[in-house]
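Keep the structure in view as you read.

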Amino acid sequence: MSAESHLIDMQGLNSHYGGRQVLFDIRFTIPRRQVTVIMGVSGCGKTTLLRHLIGLKATQPGQVMIDGEDLGGFDEAKLRAYRLKTGVLFQGGALFNSLSLWENIAVPLKVHTRLPEKIIRIMAVIKLGLVGLSEFCDYMPSQLSGGMRKRAGLARALAMDPEILFVDEPSSGLDPITAAGLDQLILDLRETLGMTIIVVTHELESAFHIADQLIVMDQGRVLAAGGPEEIQASGDKRVRQFLNRQADPRWTENPATSSCLPGERVEEGKG
Amino acid sequence: MIQWVAWLGAFFLDRVGELGRSGLFFYRMIRGLFRPPGKFHFVVKQVYFIGTKSFFVIGFTGAFTGMVLGLQGYYTLSKFGSEGLLGSAVALSLIRELGPVLSALMVTGRAGSAMCAEIGIMRIEEQIDALECMAIDPHAYLVAPKLIACLIALPLLTAFFDVVGILGGYAIGVDLLGLSSGIYMDGVERSVAWEDVYMGIVKSLWFALLIIWICTYKGFYAGLDEGSFGPEQVSKATTNAVVASSVSVLVCDYVVTSILL
């Protein structure tokens, strides 16, 4: 694949929270107009990686290239221009509770365009229609289910017709039908609008259904990267453990677990 | 001993860090005044929330403050045979000192805490992150309209507090204790100069700036120190915001008074 077809090039990203390092030398590329899924167990650093990519966590220069430009070297104007090209669906939807659904979708349109209110409302209802919520446009977020809030969050992420869409855990907490609907919508966006979509998830079924490329992470490192078939064929022990849904032996074999309990340890057969 | 020194060093480093962060937040808040989006609609909404909705509590506090001043002032002044100065004593105390301070404390308790909690909840629900991802400056969108609204509403609430307080003093001094109505109102009119009103306005503007800065800052960074974001962090931030802005109002009151006197 040529360098031009890569939109994002991770060239050794390291990340810290205080003195604790959470990402170690992350290296992979994200192709244009494809769906890239970043998978891994909870706490493996997926969301931190996403926060770097959307500019919410500062990146050191030279570690992440976006469209050939260094994300760590972006000044405020460049970061703003980059953000105008991106849409983000947060895990909980992150809707503004004091605004109705259509007003939520209208927020970026009101700030970044000079369109009249009537047109903005029409555009917001169209975006809500994309996720099957146009009849709920006057509802408040508190009146909706978790799945509906997530879909509305996706509609808001699409409000400015972004080139890159970041999606954090689209299927978590959703019923299978709603989750499948969201997966199909992601695929439709790639097909019809040619969006580059980066999805962070640990839902295996959803990941293999939508991904053109998969990246498997563990403990802040990339374990494997490639197409769905390559990942399925991976011989890496941790990747297999993740794909086969096997319990982590560290949970069950950790002697610290029982040593935390009060009382005296009794050897087997002596009790 | 070494541990104690290390703890002290960590504490001071933490405080210096917090000072720097709050200074940066102040700069961004002021810069937000001149950045999009347009603020008219948001400012009107906030003036209603900070100003109109505080009307009752400010009126109530003002009335009783004026009544207590009337009662205490009459009792004290009558010892020197100077009951005629009651109008002056009540008006000057209210306009120069009690009006701005008590109005600011009431607004802190009613609106400042609510603003801190609102922004704190937006922080823990990733709504502030969402704003940033939409290329919208959260300081311009969330904080700046509150600042403009408080700068408009607090001086007006202070003026309302002063008027109601003076009437409260009148009710006690004239209606209850039998002081002449003319003497009371003449005292008010003759003793209050433009400098006194000016001092009250300047104070309330400074207090408005402090309240919004501290309350929105605490909400904006709710949970940052603990590194975890949840309801407990919002409640802590709200408590800290009310305590810190109330204390700051009192300290600022002394500083402004000493400069303007």
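Buried means under 20% relative accessible area. B:Glu18 has a relative accessibility of 13%, so B:Glu18 counts as buried. The model you see is predicted.

**A bridge across chain B**

B:Glu18 has a salt-bridge partner, B:Lys218. Their closest N and O atoms are 3.5 Å apart. B:Lys218 lies in helix H8 (residues 194–220) of chain B, and B:Glu18 lies in helix H1 (residues 2–32) of chain B, so the pair ties together parts that are 200 residues apart in sequence. B:Lys218 is partly exposed, because its relative accessibility is 21%.

Helix H8 of chain B also holds B:Glu195. At 53% relative accessibility, B:Glu195 counts as exposed. The C-alpha atoms of B:Glu195 and B:Arg96 are separated by 9.1 Å. Along the chain, these two residues are 99 residues apart.

**Salt bridges elsewhere**

| Pair | N to O distance | Relative accessibility |
|---|---|---|
| A:Arg121 and A:Asp138 | 3.2 Å | A:Arg121 29%, A:Asp138 47% |
| A:Arg190 and A:Glu191 | 2.6 Å | A:Arg190 16%, A:Glu191 55% |
| B:Lys218 and B:Glu18 | 3.5 Å | B:Lys218 21%, B:Glu18 13% |

Take A:Arg121 and A:Asp138. A:Arg121 sits in helix H4 of chain A, and A:Asp138 sits in the loop between H4 and H5 of chain A. The pair links distant parts of the chain, 17 residues apart. A:Arg121 is partly exposed. A:Asp138 is partly exposed as well.

Now take A:Arg190 and A:Glu191. Is each one buried or exposed? A:Arg190 counts as buried, whereas A:Glu191 counts as exposed.

Some salt bridges share partners. They join A:Glu76, B:Arg31, B:Arg35 and B:Asp137 into one network.

**A helix under cover**

Turn to helix H3 (residues 101–112) of chain A. Of its 12 residues, 10 are buried, so H3(A) is largely enclosed by the rest of the structure. Among the buried residues are A:Leu101, A:Trp102, A:Asn104 and A:His112. What covers the buried residues of H3(A)? The cover includes helix H2 (76–84), helix H4 (117–130) and helix H5 (146–157) of chain A. It also includes helix H5 (127–133) and H6 of chain B.

**Two helices that cross**

H6 of chain B has another partner to look at. Helix H3 (residues 55–79) of chain B and helix H6 (residues 138–176) of chain B have axes that come within 6 Å. The axes cross at roughly 40°. That angle makes H3(B) oblique to H6(B). The crossing is right-handed.

Which residues make the contact? On H3(B), they include B:Phe55, B:Ile58, B:Gly59, B:Gly62, B:Gly66 and B:Leu71. On H6(B), they include B:Leu157, B:Phe160, B:Phe161, B:Gly165, B:Gly168 and B:Ile172. By class, the contact of H3(B) with H6(B) has 10 nonpolar and 9 polar residues. It has no charged residues.

An α-helix has 3.6 residues a turn, so residues three or four places apart point the same way.

Note on methods: Residues numbered from 1 in each chain as written. Chains lettered and ligands numbered in written order. Predicted model: local features only at pLDDT ≥ 70, side-chain atom pairs only at ≥ 80, totals over all residues. Heavy atoms only, no water. Axes fitted to C-alpha atoms, helices over the stretch in contact; angles between N-to-C directions. Helix = DSSP H or I, 4+ residues; strand = E, 2+ residues; numbered from the N terminus. Parallel < 35°, antiparallel > 145°, perpendicular 65-115°, else oblique. Left-handed = near helix turned anticlockwise from the far one by under 90°. Contact = heavy atoms within 4.5 Å. Nonpolar A, V, L, I, M, F, W, Y, C, P; charged D, E, K, R; others polar. Buried < 20%, exposed > 50% of the residue type's maximum accessible area, 1.4 Å probe, protein only. Salt bridge = Lys/Arg side-chain N within 4 Å of Asp/Glu carboxyl O.
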